[in-house]
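I opened the model and kept notes as I went. The entries follow the order in which I looked things up.

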Amino acid sequence: MSVIDISDKLQRHTSNKYKTRLATAIKQIVIHHSATRPISVSGQADAEAFARYHVIELGWPGIGYHYVIGKDGTVLKTNPNSVSSYHAGKANATSLGVCLVGVFDIKEPPQEQWEAALRLTRELMGAYGIPVERVIGHREVPAAKSCPGNRFDMDKFRRCLT
Ligand SMILES: [Zn+2]
C-alpha cells in the first residue's frame, strides 16, 4: 500500500528525543482518532498541526503518532516505528500509534479512511507478527477517554482484519 513519509517535515523538539527500541518490542497496535475536525483532505496539514501541538504546547520530542490517516484514506508516516513515542500511556513502549483524523463519537469514520486503516493495520500485523487481539483502541489500553470514538467499533474493526 502507498504510505507517504512526512516524518522529516514535521516539527521536532530541539533537544528532547524519543527513546528507540528494537522491532521485537512492538507487540500491539493502538488506534486513535484525533478528536479534531479535519483541516485537510489528505491529513497532512492535520499531522503538521498535531506535531506543532505535541512539541510546542506539550513539550514532547515530536508528534505522538506513528501514522496519521486523512479523511480520504491517505496514509501518512509520521514517526519511525523504532521510536517509542507518546500516544497511549503505559502502552507506548510496546505499541504503534495509528491516528485517524476526525471525531468519531457521533459519526463513524468515512469508508475510505476506515478501509485505509484496515489495510495499514493488516500490513503492520504481518510485519511485526501482531495477533488481531493486540489491535486495540486507545480506550482499551485503557484510557479515560472514548478514543478512537464511541462510534468507532473496535470489535467490528478486528472482525474486518481476519
Ligand atoms: Zn487516542
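**Entry 1: the sheet.** In what order do the six strands of the open sheet stand? I read S1-S5-S4-S7-S3-S8, with mixed pairing. Strands S1 (3–5) and S8 stand at the edges with a single partner strand each, so one side of each is left without a neighbour in the sheet. The twist from one strand to the next averages 25 degrees. I took axes as lines fitted to C-alpha atoms, for helices over the stretch in contact, with angles from 0 to 180 degrees between N-to-C directions. Strands pair here if DSSP finds at least two bridges between them.

**Entry 2: ground rules.** This is a predicted model: local features need pLDDT of at least 70, side-chain atom pairs count only at pLDDT 80 or more, and totals for chains, interfaces and linings use all residues. Residues are numbered from 1 along each chain as its sequence is written.

**Entry 3: the chain as a whole.** I counted three helices and eight strands. Both kinds are DSSP runs numbered from the N terminus: helices are H or I with at least four residues, strands are E with at least two. Along the sequence the pattern is β-β-β-α-β-β-β-β-α-β-α. The C-alpha trace spans about 40 × 35 × 35 Å along its principal axes. I checked the radius of gyration, taken over C-alpha atoms, against the globule rule of 2.2 Å times the number of residues to the power 0.38. For 162 residues a compact globule would come near 15 Å; the chain has 14 Å, which agrees.

I then looked at contacts, meaning two residues whose C-beta atoms, placed from the backbone, lie within 7 Å. Of those with a separation of 6 or more, 72% join residues 24 or more positions apart.

**Entry 4: strand pairs.** S3 and S7 pair in the parallel sense over six bridges. Within that pair, histidine 32 has cysteine 99 as its bridge partner in S7. S4 also pairs with S7 in the parallel sense, over three bridges. There tyrosine 67 stands opposite valine 98. S1 and S5 run parallel and are joined by three bridges. Valine 3 has valine 75 as its bridge partner in S5. Helix H2 packs on the sheet and touches S3, S4, S5, S7 and S8; its direction makes about 170 degrees with that of S7.

**Entry 5: burial of S7.** Why is S7 largely enclosed by the rest of the structure? Because six of its six residues are buried. Buried means 20 or more other C-beta atoms within 10 Å of the residue's own, exposed means 12 or fewer, and partly exposed lies in between; C-beta atoms are placed from the backbone. Side chains in a regular strand alternate between the two faces of the sheet. In S7, Ser95, Gly97 and Cys99 cover one side, and Leu96, Val98 and Leu100 the other. Over the chain, buried residues make up 41% of the 162.

**Entry 6: the core.** I defined a nonpolar core as buried Ala, Val, Leu, Ile, Met, Phe, Trp, Tyr and Cys residues joined through C-beta atoms within 7 Å. The largest has 31 residues, and Tyr67, Val68, Ile69, Val98 and Ala117 have the most contacts inside it. Elements giving two or more residues include S7 (95–100), helix H1 (44–57) and helix H2 (111–128). Not counting residues up to four places away in sequence, alanine 117 touches Ile31, Ile69, Val98 and Leu100.

Entry 7: Arginine 21 sits in the loop between strand S2 (19–20) and S3. Serine 84 lies in strand S6 (residues 83–84). They are 63 residues apart in sequence but 6.6 Å apart in space, C-alpha to C-alpha. Arginine 21 is partly exposed, with 15 other C-beta atoms within 10 Å. Serine 84 is partly exposed too, with 18. Beyond four places in sequence, arginine 21 is in contact with Ser82, Ser84 and Ala93.

Entry 8: Most residues other than glycine have a negative phi, and most peptide bonds are trans. Alanine 35 has a positive phi of about 60 degrees. It is found in the loop between S3 and H1. A cis peptide bond joins valine 141 and proline 142, with omega about 5 degrees. Another cis bond joins cysteine 147 and proline 148, with omega about 10 degrees. Proline 142 lies in the loop between S8 and helix H3 (154–161). Proline 148 is found in the loop between S8 and H3.
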